[in-house]
Structures are given as structure tokens and as C-alpha cells.
Amino acid sequence: MYGWRGRIGLLVPSINTTMETEFWRIAPEGVSVHSARISGGRHGTPEELRSMENASKVAARDVAMIEPDVVAYGCTSGSFFEGPEWNRKISEQLSEITRAPTVTTAGAMAACLIAGGHRKVDIVTPYVELTNERLKQFLRAHGIEVSRLGTFDMLDMFDHAKIQPEEIYQKVKETNSADTEAIFVACTQLRALEVVDMLERDIGKPVYSAVQATAWQAYAEMGVDPRITDCGSLLRKLSEPGALKQPAKRLRKSA
Amino acid sequence: MEEAKVHTGTRRIGLLVPSSNTTVEVEFYRALPRHISLHVARLHLTQITPEAILGMVADLEAQSRNLASADVDVIVLGATAPSFLKGLGYDREIAQRVTAATGKPATTTSTALIEAIRHLKLKRIALGSAYDDKVNGIARAFLEANGLTVVAAQGLGLVENLVVGRLEDATAYELAKKVDRAEAEGIVLACTNWKTMGVIERLERELGKPAVSTTQVSIWAALRVLGERQGIPGYGKLLREIGAPAHERQIA
């Protein structure tokens with residue numbers, strides 16, 4: 001069976017064109033990615049972001065059929081918008097439906113910043129002001145302060161993928177402030193994975209992206225080291241001793 | 001949007017996958033060139049039985065709209081039995097429903113299969129599938145209704161879709177060898193959840209005739225809608241020669 005080492009059930013907002021591509025790009029031998037789409041609109045309005053919670057359950061039901069080893073809910077704002085409790089609820093609901101551990105992008109964002117010991121970070125987003133405020137609140141609830149926030153200020157989520165990697169690179173450099181320990185680029189529709197590694201080398205501090213953080217947590221949950229060496233320090237950490245969980249033996253699988 | 005696409009050169013294929021299929025996404029990703037990205041939506045399916053399949057197709061419009069919201073350039077129903085189940089013309093009816101719901105060009109695996117067989121100018125084929133006798137019989141009837149002669153047909157007898165996904169591709173190789181007949185001009189391997197892409201090249205070399213699989217033809221048909229002319233090596237004559245000008249003229 002494909003994905004004999006690990007099968008990732010990937011839930012993406014229906015409009016997303018970036019995350020599947022980036023997940024496949026880093027999938028090593030024996031790991032497969034199986035997507036399902038979360039129905040919804042392209043404008044990241046509060047109503048749309050809130051509606052993703054219910055729509056994700058339908059997508060989870062369908063991706064459950066491939067018996068995933070981990071499920072990734074791939075939307076940053078769709079997991080932080082209503083706060084940490086909401087994010088936890090989404091994660092628990094999806095695990096119940098899929099019978100697999102679930103990671104969410106907002107959860108992975110907080111986890112990677114906490115794991116890095118970062119208390120003060122800069123953030124780059126494509127979001128409008130309200131969503132940016134909610135992001136800051138979410139991080140604050142995890143004990144993380146946002147120093148500077150650089151934004152592309154676009155409501156249309158589909159259009160976020162039109163922002164070119166070099167524009168993201170520039171925005172991160174502009175946003176980088178002297179007193180922060182790391183930078184996080186939010187939104188799984190932004191093509192940040194292509195530039196995180198060069199950004200870390202050029203500015204000398206950890207740079208994380210939404211897709212990268214989600215992948216990091218998903219691979220750790222699966223207990224698979226993908227040996228990704230060119231997508232930032234976070235994914236390289238998966239090769240360090242103790243980075244991977246050792247999941248309990250799968251009961252429902254034959255091979 | 002067009003501007004952005006020209007800038008990046010990226011084209012997008014939208015693939016509708018039966019929810020329990022663990023194979024077709026993987027085989028698409030492996031074969032597609034880097035400038036084409038794949039986006040997937042799932043249709044609920046557990047068993048390869050007529051009843052289950054008809055239920056799955058009820059999701060068609062909603063999931064097609066999910067793919068259209070990612071502005072894909074073509075939508076492919078990457079499922080064989082669901083696109084031939086009701087016989088001649090059913091595949092095109094499904095493609096039309098997808099286009100009506102989304103405004104996007106659409107095709108299905110069964111449509112692609114017939115087009116590919118005609119493109120290769122095959123009249124007499126041998127059929128190997130993962131299906132049980134009932135669904136295999138429907139597959140055979142679909143091919144015959146489209147004017148083909150099926151000189152031999154055999155299925156592996158499977159109904160549980162997840163079980164099909166667990167088969168090694170050696171099962172496709174062995175069944176192809178078994179159903180091949182001297183009078184068959186080509187081999188057809190049916191079921192997109194069955195690993196076939198890894199054995200096509202070897203089968204063609206050893207049997208000395210084209211081998212088409214339902215995953216291979218689905219990729220081929222999607223690429224043709226996108227106007228791709230760059231051949232893809234390693235998966236048989238059909239994909240290797242996708243840009244051959246003589247073929248384009250022959251089918252026009």
C-alpha cells in the first residue's frame with residue numbers, strides 16, 4: 001500500500017492551492033498525502049472562518065477512509081480565530097472522526113514557538129486587521145508576545161497564493177526586528193516553504209511557516225523522520241534524538 | 001489570476017477521488033511534471049458495488065465546486081467503475097454534470113479510457129481488473145458498447161476498496177500476462193485504486209503491445225485538456241508520446 005511508512009490525511013480549505021503541493025514536496029519514500037477539501041468561501045470573514053469547523057468534519061469523514069496515521073487540519077486562521085479552546089475542540093473532533101491523532105496549523109504554530117523557547121516573535125501574515133488581532137491574542141494565550149506584525153492585508157484567501165515567494169522573503173526581512181527570537185509566517189496558502197531556509201541563513205534566526213510547522217508536528221506524531229534538509233531548521237529537528245513520538249502499534253491495519 | 005499563472009507557469013489539475021482510494025493521488029503526483037499541481041477532493045465510497053457507487057456520485061457537484069474554488073484548469077473524476085456504471089454515455093453525462101456545476105472542463109477515467117484506446121487505434125483488447133465478476137462484466141459491456149472487442153476479461157474478485165489499495169503492483173503485472181491473448185492488440189488494466197503505473201512499461205516491453213491503465217489514461221486525458229505536449233517517460237507509450245503531432249492529427 002502506498003504510504004506504508006505513514007499516511008497523512010490532509011484537510012485543506014477548498015480554495016487552497018499551496019499546501020498539498022508543499023506537503024507532497026517534502027514527503028519522503030513511503031509517506032503519502034491524501035487530501036480532502038473543507039468547503040467554504042474564499043474570503044476569510046469571521047463567518048467563513050467559523051464555518052470551517054463544521055465543514056472540516058465532513059472532510060474528516062472522507063479522509064478517515066484511507067486510515068490515516070495522522071490528520072492535519074491545514075488552515076492557520078481557521079484554527080486560531082476563536083482562540084485556543086476552539087482550536088482544541090476542532091482537533092479533538094477530527095481525531096474522534098478519523099481515529100487518528102490530529103494536528104492543526106494554529107496548534108503547530110504555538111507548539112513550534114514554544115519548543116523553540118521563543119517568548120517574543122515577529123509575525124508575517126496575509127490577513128486583514130481583525131484576523132491579525134485574533135492571531136496575536138491566540139499567541140498571547142500561549143505566553144508568546146508579537147513584537148512586529150507585517151501583513152499583505154488581503155481578505156481574499158485564494159489570492160494569498162498569488163503572493164510570490166520573493167515577496168514573502170522581502171516582507172519577512174522588513175518585518176524582522178532586532179529584539180525578537182524568531183519569525184513565523186502564517187497562512188497555509190502562502191508559498192513560504194520555498195524561502196524559509198534562505199531566510200534563516202540570511203537573517204540569522206529561526207523562520208517558521210504555517211505549512212512547515214504543520215508538517216513538523218504531523219511527522220513527529222507519525223514517528224517518521226522525513227530528512228528534509230532544505231526547508232528550515234524546524235524540519236531538520238525531526239532528525240534529532242527524541243524528536244519523534246513512537247505511536248502505539250496500529251490495530252486496524254493489515255499492511 | 002491569468003497573470004499570476006503566466007508568471008509562475010503553473011497549471012492545476014483537480015482530481016475527484018473515491019474517499020477510500022489510497023493509490024490514484026500518489027500515482028498522479030509521481031507522474032506529473034513540476035509545473036502542474038494536483039488538488040484533490042474526495043467522494044464518499046467504501047465498496048465497489050453498484051449501490052455504493054451510485055451513492056458516491058451524489059457528492060459529485062459539491063466536491064466539484066470545492067475543486068473549482070481552487071480555480072483548477074480541469075476536473076477529472078479519477079474513478080473507473082463510478083464513471084462506467086450505467087453504460088454507454090454515462091461517463092460523459094458525469095463530465096457534463098461537473099462542467100455544469102463549475103464551468104470547468106471535465107473528464108472521467110472511463111471517458112479517458114475510451115479516448116486512449118481509440119488514440120492508440122486498438123480494436124481488440126484484453127481486460128484485467130481488480131473487480132468482482134459483476135463489476136468486471138459491467139466494465140466489459142461498457143468497452144463493447146463503445147465499439148471494442150474484448151477478447152478476454154478477468155478480475156481479481158475484489159469488492160473492498162481498501163483491500164485493492166493494499167495489492168502490490170505485481171498483481172497487475174501477473175493478471176495482465178494472464179489475460180493477454182495473441183489476438184489482443186492491447187491490454188487494459190482497470191481500477192484507479194490498483195497500483196498499475198509501475199508495471200506498464202515492463203508489460204509493453206514484454207508483451208510487445210500497448211498497455212493502458214485507468215490511472216495512466218486519466219493523467220493523459222488531464223494533460224491533454226491542459227494542452228501539454230511534453231512526453232512523460234516511464235509509464236508506457238501513451239504518456240511518452242503525448243505530444244506526438246501525428247497522433248494529434250489522427251484524432252482530430
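**Close-up views of a predicted two-chain model**

**Figure 1. Strands 5 and 6 of chain B are joined in parallel by seven bridges.** In this pair, strand 5 covers residues 124-131 of chain B; helices (H or I, at least four residues) and strands (E, at least two) are DSSP runs numbered from the N terminus. Ala126(B) has Ala152(B) of strand 6 as its bridge partner. The model is predicted: local features need pLDDT of at least 70 and side-chain atom pairs count only at pLDDT 80 or more, while totals for chains, interfaces and linings use all residues. Residues are numbered from 1 along each chain as its sequence is written, and chains are lettered from A and ligands numbered from 1 in the order in which they are written.

**Figure 2. An open sheet of chain B contains four strands in the order 6-5-7-8, with parallel pairing.** Two strands pair if DSSP finds at least two bridges between them. Strand 6 (149-158) and strand 8 (211-213) of chain B each have a single partner strand and stand at the edges, so one side of each is left without a neighbour in the sheet. On average, neighbouring strands of this sheet are turned by 15° against each other, direction ignored.

**Figure 3. Helix 7 (residues 109-119) of chain B packs on the sheet.** This helix touches strand 5, strand 7 (186-190) and strand 8 of chain B, where contact requires C-beta atoms, placed from the backbone, within 7 Å. The direction of helix 7 makes about 165° with that of strand 8 of chain B; axes are lines fitted to C-alpha atoms, for helices over the stretch in contact, and angles run from 0 to 180 degrees between N-to-C directions.

**Figure 4. Helix 5 (residues 105-115) and helix 9 (residues 210-222) of chain A pack at an angle of about 85°.** Their axes are 8 Å apart. Helix 5 of chain A is therefore roughly perpendicular to helix 9 of chain A, a term for angles of 65 to 115 degrees. Among the residues making the contact are Met109(A) and Cys112(A) of helix 5 and Trp216(A) and Gln217(A) of helix 9.

**Figure 5. Chain A is assigned domain 1 (6-105 + 212-239) and domain 2 (108-209).** These bounds come from an automatic or database domain assignment. The domain centres, taken over C-alpha atoms, are separated by 18 Å. Each domain of chain A gives 31 residues to the contact.

**Figure 6. Chain A contacts chain B through 26 residues of chain A and 24 residues of chain B.** Strand 2 (31-38) of chain A gives the most to the side of chain A that touches chain B, with five residues.

Definitions and conventions. Two residues are in contact if their C-beta atoms, placed from the backbone, lie within 7 Å. Angles under 35 degrees count as roughly parallel, over 145 as roughly antiparallel, 65 to 115 as roughly perpendicular and the rest as oblique.
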